Amino acid sequence: MKRRHLPPVLLLLLLSLLSLSFRRRILHPQQPLRSPAGDPLLRRLAAAEGSEVDQVLADAAALLVNGSISTFPSFGNRQRFLYLRLPYVRPSGGPPRPRTVSRLRVPVSTLPSDGSLLASFRASLRSFLADHRRHRRHSHVASVMRELPALLGRRYPTCAVVGNSGALLGSNRGPQIDAHALVIRLNNARVAGYAADVGAKTSLSFVNSNILHLCAARAAATAAGCGCHPYGPAVPMAMYVCQPAHLLDAVVCNATATAASPFPLLLTDARLDALSARIAKYYSLRRFVAHTGGPASNWTSKHDERYFHYSSGMQAVVMALGVCEQVSLFGFGKPAGAKHHYHTNQKKELDLHDYAAEYDFYHDLQARPETVPFLDEAQGFTVPPVRLNW
Ligand SMILES: *[C@@H]1O[C@H](CO)[C@@H](O)[C@H](O)[C@H]1NC(C)=O
Ligand SMILES: *[C@@H]1O[C@H](CO)[C@@H](O)[C@H](O)[C@H]1NC(C)=O
Ligand SMILES: *[C@@H]1O[C@H](CO)[C@@H](O)[C@H](O)[C@H]1NC(C)=O
């Protein structure tokens, strides 16, 4: 006789499979329908944080626990030398000796006591560490994209991020750049004398903390707010902290600020740092695999993981994606024969950046934004239209 019914065991199995898939839907209603953008292996490698971050956090912890600040008179008592020190234990043994981490010339009159400077520095280190440790525990770094408008105060209809490429020389892009609602410039690049090509308007000055340290070392004693405002004193500065010791420069520059020369400073969120790092490393890995044919795991033979880092320009672009309805990039390419910077004679590109990989990222933003990895993890965020102008 022909069996018309499924055997009971098979029926049970079928039922349990159905209920399993039903439960998955109930329990994971937000599972994306698309698979994550980009190559899964490269994504995994890019998301693993490098030893560079460990070192920065260890430096911050050491300064918080063991750092000391002392000042000594100089220049007829109008200025003082300020030393930030850490105890250094020599490998040969013996008692620790103080090692100078940073030395600044500071004014006598406007600066608070050594003790209260140290207290402000420690408060700043503490919140830096807390911010970075929090994101390490949760790792939803892309969530920062939706919070950026609040961090920057508002959203902007049009933004220009102005890179410092020598390609801008002779471009006559100035008026086009200045027509944007928000103009972001990088690392205090000079505009005086270049207005026709790079514009004159600046709404946000994006720097890495080496730039602030240079300002502090040069002018903490003589200029309010360390004179770190080539675009006008009221233009806010967004800063990525590459060395925790530079948080002391921020404390000192803030302490010497005046109403006429304020020091509006925004530190980049730890999640924005991590997100930029992941994207930069992903594109560098992808380029390495495409150009060498070697396995992605061999990437470290070309790039030293301890120093590999995204450029300031790239982080400014990621920030702009979060606050702008339209983003235009200027001065990011380097055609053959162009100078590295429009405003300096620097010849060599820094080894720690992979500029070519960053250009790949900008090209994807313009032509294939849905393929950009990690940004797709930001719930409720869509990449705005991006336009590359060479
Ligand atoms: C502070 O200094 C002590 C003594 O040199 C050292 O053992 C300790 O590891 C240091 N703390 C940090 C957080 O680096
Ligand atoms: C900057 O200086 C102002 C006024 O002296 C002070 O109220 C503020 O807390 C300082 N900010 C930081 C981050 O140190
Ligand atoms: C990858 O690196 C290993 C070890 O350095 C090396 O032996 C190997 O040849 C490399 N593979 C390729 C395809 O470059």
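1. Some ground rules, starting with axes: these are lines fitted to C-alpha atoms, for helices over the stretch in contact, with angles running from 0 to 180 degrees between N-to-C directions. The model is predicted, so local features need pLDDT of at least 70 and side-chain atom pairs count only at pLDDT 80 or more, while totals for chains, interfaces and linings use all residues. Residues are numbered from 1 along each chain as its sequence is written, and chains are lettered from A and ligands numbered from 1 in the order in which they are written.

2. Have a look at α5 (residues 144-152) and α11, whose axes lie 7 Å apart at an angle of about 85°; helices here are DSSP runs of H or I, at least four residues, numbered from the N terminus. That makes the pair roughly perpendicular (65 to 115 degrees).

3. Who touches whom there? From α5 come Met-145, Leu-148, Pro-149 and Leu-152, and they meet Met-319, Leu-321, Gly-322 and Val-323 of α11 (contact means C-beta atoms, placed from the backbone, within 7 Å). This contact has 7 nonpolar residues, 1 polar and no charged; Ala, Val, Leu, Ile, Met, Phe, Trp, Tyr, Cys and Pro count as nonpolar, Asp, Glu, Lys and Arg as charged, and the others, Gly among them, as polar.

4. Helix α11 (residues 312-323) also meets α10 (residues 270-292), the axes coming within 10 Å and crossing at roughly 115°. So α10 is roughly perpendicular to α11 as well. On the α10 side, the residues in contact include Leu-272 and Ile-279, with Val-318 and Met-319 among those of α11.

Technical notes. Helix = DSSP H or I, 4+ residues; strand = E, 2+ residues; numbered from the N terminus. Parallel < 35°, antiparallel > 145°, perpendicular 65-115°, else oblique. Contact = placed C-beta atoms within 7 Å.
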